[in-house]
Every structure is written in structure tokens, then in C-alpha cells.
Amino acid sequence: MTQEEKELENEQTIDTPQTEDPQADTNEGQTKKDRKKRHEKHDDSAAKLQELGEKLVEANDKYVRMYSEYENYRKRTNQEKADLILNAGKDMIKAILPVVDDMERALSAMSDEDNAKEGVQLIYNKLMNILSQKGLKAIEAKGEKFDENLHEAVTQFPAADEAQKGTVVDVVEKGYFLNNKVIRYAKVVVAI
């Protein structure tokens, strides 16, 4: 058989009308039912797939939130540890500050001819050097504008002129920073 004959025979089998066979109708009905079941299964599968997709998005969102919370917790605890290490001696330094004040008053009360003044000055310098290495720094106040974040106004004094208003005229007690945080406010006299 040639190629053309085969094609002609195929066309004839396609064009020939199907005889009505009752079993063919039931097969066709069965096929429709199968298709419907497959379609329903496909719809169920699509719904399940949609539901699983939503659950995946929800789980991913929970994961991202938990990861962010953990990162924030880790950063916060690391910062707290660093602050604790930096300011571990804060209470001890605060307890030493009145002694520093007393030494400054003693030095200012001593005359320059006093032999002990030089020894006290050396001890004072050594103490201040150690404290500065630990992060202590005095707050400069005299002649500065009054700042409630650094100064505590003990009293007010009438200003000699307008330019002097709001400035610190005198320091009653020095203030100090410890690692750039105020540990004692400077007690000052302010011109009004």
C-alpha cells in the first residue's frame, strides 16, 4: 500500500458515521463521568494547592517576624552588655566624686607656699588621670549658656547686661560625664 492509499483509508474511517451502539453510549457516558470526576479532582487539587499556598505565605510571614524579633533581641542584649561593661564602675565613681570635690576644695584653700600642696596636687592629678581613663569627664559650665540637660540651677543672679542673661555665672558643684552620659549634673548660678 502506498502512502496515498493509507491516507485515503484513514479519511474514510474518520468520515464514516458511527453506528448506534448502546454500549458506545454508556462508554461515552462513562467517559463524561470520568472527565467530570477528574475535573472535580482538579478543582479540589487547585483548592488544596491554593490553601497550601496561603499557609506557606502565612508560615513565611511568621518566620520573617520571628527572625526580626530575634535579631532585635540579639542587638538589644548586645547593646545592654556593652553598656553594662562601659558603666560597670558607675556606682563606684559616683561614690568617689565627693572625695574629688573635697580634694579640689583643699587645693584651693592651700597657699602656694604650703609644702603639702604639691604632694596633694600630684595625688589629685593621678586620681583624675585614672578616672578619665575610665571615661569620666568634667562638664564645662562657667560662661556657657544654661542647659537643663547638663546643669542644675541652684540660684539666680541679676545679669550685668543683656548678653549675660541665661549664662552660667558660677559653678557651685562640678558635673561629670561618664562615657558621654551625665552621672552628676553641674550645680550652677545662672544670670537672669
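**Close-up views of the predicted model**

**View 1. Residues around the centre of the largest pocket.** Thirteen residues, given here as 13, line the largest pocket, and those nearest its centre are Gly89, Lys90, Ile93, Leu131 and Lys134. The structure shown is a predicted model. The volume of this pocket comes to about 150 Å³.

**View 2. Helices that contribute to the lining of the largest pocket.** At least two lining residues come from each of α2 (22-86), α3 (90-109) and α4 (115-133). Helix α3 provides four residues, the largest share of the lining.

View 3. Nine of the lining residues are nonpolar, while two are polar and two are charged. Lysine 90 and lysine 134 are among the residues nearest the pocket centre, and Lys counts as charged.

View 4. Tyr63, Val64 and Tyr67 together make a nonpolar surface patch of about 330 Å². Within this group, Val64 belongs to helix α2. Valine 64 counts as partly exposed because its relative accessibility is 41%, a value between the limits of 20% for buried and 50% for exposed.

**View 5. The protein chain as the setting of the close-ups.** Four helices and six strands make up the secondary structure of the chain. Read from the N terminus, the order of these elements is α-α-α-α-β-β-β-β-β-β. The chain has 192 residues, and 16% of them count as buried.

Methods:
Residues numbered from 1 in each chain as written. Predicted model: local features only at pLDDT ≥ 70, side-chain atom pairs only at ≥ 80, totals over all residues. Heavy atoms only, no water. 1 Å grid on protein atoms, 1.4 Å probe; cavity = no way out; pocket = protein on both sides within 12 Å on 5 of 7 lines; lining within 4 Å. Points joined across faces, edges and corners; volume = space filled by probe spheres on them. Patch = residues over 30% accessible without salt bridge, like charges linked within 9 Å, V, L, I, M, F, W, Y side chains within 5 Å. Areas by Shrake-Rupley, 256 points an atom, 1.4 Å probe, with all protein chains shown as cover. Salt bridge = Lys/Arg side-chain N within 4 Å of Asp/Glu carboxyl O. Buried < 20%, exposed > 50% of the residue type's maximum accessible area, 1.4 Å probe, protein only.
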